[in-house]
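Subject: Structure handover and notes

Dear colleague,

Here is the structure I promised to pass on to you. Please have it open while you read the notes that follow.

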Amino acid sequence: MHFQIHLNLILDFKNTTFELYAKMKNNLVRLKQEKRMADLNTKTDRVYYVLQMNLKCDVDEATKWIKTRSVKYTKDLQEEKTLSFEWFVSADGKEATLIESFSDSDGAKQRAENLLASPIAQEWGERFEPTNWTVGGSVKQDLIDLLAPMGAKFHKYMDGFNKLS
């Protein structure tokens, strides 16, 4: 009888613990969903560059240059506000796209200024011909003044979400 009471207490404790765990887990899932929903329609300071180019050299040379010069040089700058720097090459090897993201307009401006002052700017021009440059996000006037003469088009942030932030 004494054993049965202890067994019942243990089983009650076990059931109560599992019920409490299930409630906590459901609450956590609900809170995460609410947070995701709260992030919708939130203005961001992020800025994006989407630069589309034709290749002036063969794809093997472009690929080698992107990997050994462009990406390495840019990463080594350790620009605090540069969040991503990613190259893409078309299946036919005739076009490339560079997509960059920055925490804000000042970071995007720093990236552009660093590129213009860098030794790889001329190398880039020897390999690529820009066909379209879109700058999206919360852009300050000083960045517009810097990039507009180079043909950049500007798009203001509209709406969305980013699960990476």
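How many bridges join S4 to strand S5, and do the two run parallel or antiparallel? The answer is that 3 bridges join S4 to S5 (residues 153-155), and these strands run parallel; two strands are taken to pair if DSSP finds at least two bridges between them.

Before the details, a word on where the values come from. This is a predicted model, in which local features need pLDDT of at least 70 and side-chain atom pairs count only at pLDDT 80 or more, whereas totals for chains, interfaces and linings use all residues. Residues are numbered from 1 along each chain as its sequence is written, and side-chain values use heavy atoms, with hydrogens and water left out.

Overall picture

The protein chain has 5 helices and 5 strands, where helices (H or I, at least four residues) and strands (E, at least two) are DSSP runs numbered from the N terminus. Read from the N terminus, the order of the elements is α-β-α-β-β-α-α-β-α-β. Of the 165 residues, 28% count as buried, a term that means under 20% relative accessible area, with exposed meaning over 50% and partly exposed in between (1.4 Å probe, protein chains only). Among contacts (heavy atoms within 4.5 Å) with a separation of 6 or more, 70% are between residues 24 or more positions apart.

Strand S4 and its partners

In S4, 7 of the 10 residues are buried, so this strand is largely enclosed by the rest of the structure. S4 also pairs with S1, here in the antiparallel sense and over 9 bridges; Tyr48, which is found in strand S1, has Gly136 in S4 as its bridge partner. Tyr48 counts as partly exposed, at 29% relative accessibility, and lies 5.6 Å from Val135, C-alpha to C-alpha, although 87 residues separate them in sequence. Val135 in turn has Phe154 in S5 as its bridge partner. Phe154, likewise partly exposed at 29% relative accessibility, touches Val135, Val139, Leu143, Ile144, Leu147 and Ala148, if residues up to four places away in sequence are not counted.

Aromatic residues

Rings of Phe, Tyr and Trp (its six-membered ring) pair if their centres lie within 6.5 Å, with planes under 30 degrees apart counted as stacked, over 60 as edge-to-face and the rest as tilted. By this rule there are 6 aromatic pairs. In one of them, Trp87 and Phe128 have ring centres 5.0 Å apart and planes at 35 degrees, so the pair is tilted. It links distant parts of the chain, since Trp87 is in strand S2 and Phe128 in strand S4 (residues 128-137), 41 residues apart. Both Trp87 and Phe128 are buried, and together with Trp65 and Trp124 they form one aromatic cluster.

Helix H3

The 13 residues of helix H3 (residues 105-117) should span 18 Å at 1.5 Å a residue, and the end C-alpha atoms are 18 Å apart, which agrees; the expected span is 1.5 Å times one less than the number of residues. Ser105, Gly107, Ala108, Arg111 and Ala112 of H3 are buried. These residues cover an arc of only 165 degrees around the axis, which puts them on the same side of H3, the arc being that of the directions from the helix axis to the C-beta atoms. The buried residues of H3 pack against strand S1 (47-55), helix H2 (59-77), strand S2 (82-89), strand S3 (95-102) and helix H5 (141-147).

With best wishes
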